Amino acid sequence: MRHPKSALSAALSIGIAFATAFAFAPTASASATGTEAAPAASYAAYEGSKEEAANNKAFFDAVVKSVAEKRAANPGIQAVTVVYNASAAPRFASQIAASTSIWNSAVSNVKLQAGTSGVDFTYREGNDSRGSYASTNGHGSGYIFLDYAQNQQYNSTRVTAHETGHVLGLPDHYTGPCSELMSGGGPGTSCQNAQPNAAERSRVNTLWANGLAAALAKIS
């Protein structure tokens, strides 16, 4: 999720064509864990682009395809479950648990479940000038990266829940209010909301009902 008010240079836009981030205004503070943050000057203020939107959809499509393939291999599976592995992001264990619980309580057509086999996406952590973001190669392999410095500046559970929203099919909407989870950093650092609103919940349910059906039809 990126900052809604400034445009990214053309050169940098090319470099992040395959990553959609929750990047906000820069911060130069060190992380609470003692890991030095990236310099403020390297943080990209960003206005949503066509490349970013395309990657949002690619991540969702990849996850749906992965889930559909597992269901096709095991026809008896009833629940639509997306499996994630958070072992590479130990410092954000509580935020990941909170954000997946939020989504599992908010929607009924898909559930997020921690696991080490049949994994559909992973969480990672570290320092990155782009902030936090969701990324995929378009072939069922994707991850959510959680940036240390950014998660100090903004509500960390909101950041994590927002990025998880991309996995479930939601695009960024930076001009939305704080009550809209996918508005990300648009409402500013004072926004503490980590819950999707009614429209976002409904959209995820619809996306998974229709998207999974389409994916299964292609496989069968």
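This is a predicted model: local features need pLDDT of at least 70, side-chain atom pairs count only at pLDDT 80 or more; totals for chains, interfaces and linings use all residues.
Residues are numbered from 1 along each chain as its sequence is written, and side-chain values use heavy atoms, with hydrogens and water left out.

**The overall plan**

The chain's secondary structure comes to 6 helices and 6 strands. Here helices (H or I, at least four residues) and strands (E, at least two) are DSSP runs, numbered from the N terminus. Along the sequence, they follow the pattern α-β-α-β-α-β-β-β-β-α-α-α. Of the 220 residues in the chain, 48% are buried. Buried means under 20% relative accessible area, exposed means over 50%, and partly exposed lies in between (1.4 Å probe, protein chains only). Among contacts (heavy atoms within 4.5 Å) between residues at least 6 apart in sequence, 66% join residues at least 24 apart.

**Strands side by side**

Two strands pair if DSSP finds at least two bridges between them.

| Strands | Sense | Bridges | Residues opposite each other |
|---|---|---|---|
| β2 (residues 81-88) and β3 (residues 111-114) | parallel | 4 bridges | valine 83 and glutamine 113 |
| β2 and β4 (residues 121-126) | parallel | 3 bridges | alanine 88 and arginine 124 |

How does the chain get from β2 to β3? The chain crosses through helix α3 (residues 93-106), and this β-α-β crossover is right-handed. That term applies if, with the strands pointing away from the viewer, the path from the first strand over the helix to the second runs clockwise.

**A closer look at α3**

At 1.5 Å a residue, the 14 residues of α3 should span 20 Å, and its end C-alpha atoms are 20 Å apart, which agrees. The expected span is 1.5 Å times one less than the number of residues.

The buried residues of this helix are Gln95, Ile96, Ser99, Thr100, Ile102, Trp103 and Ala106. Seen down the axis of α3, they fall within an arc of 150°, so they line one face of the helix. The arc is that of the directions from the helix axis to the C-beta atoms. An α-helix has 3.6 residues a turn, so residues three or four places apart point the same way.

What covers the buried residues of α3? The cover includes β2, β3, β4, β6, α5 and α6. The face turned away from the buried side carries the exposed residues Ser94 and Ser105. Serine 94 has a relative accessible area of 54%. Its C-alpha atom is separated by 8.4 Å from that of threonine 157, 63 residues apart along the chain.

**One disulfide**

A disulfide is a covalent bond between the sulfur atoms of two cysteines. In this model, a disulfide is a pair of cysteine sulfur atoms within 2.5 Å, and a search of the whole structure finds 1 disulfide. Cysteine 178 and cysteine 191 form this bond, with their sulfur atoms 2.1 Å apart. Both cysteines lie in the loop between α5 (156-167) and α6 (198-219), so the pair ties together parts that are 13 residues apart in sequence. The torsion about the S-S bond is about 85°, so the disulfide is right-handed.

Are the two cysteines buried or exposed? Cysteine 178 is partly exposed, with a relative accessible area of 26%, whereas cysteine 191 counts as buried at 4% relative accessibility.
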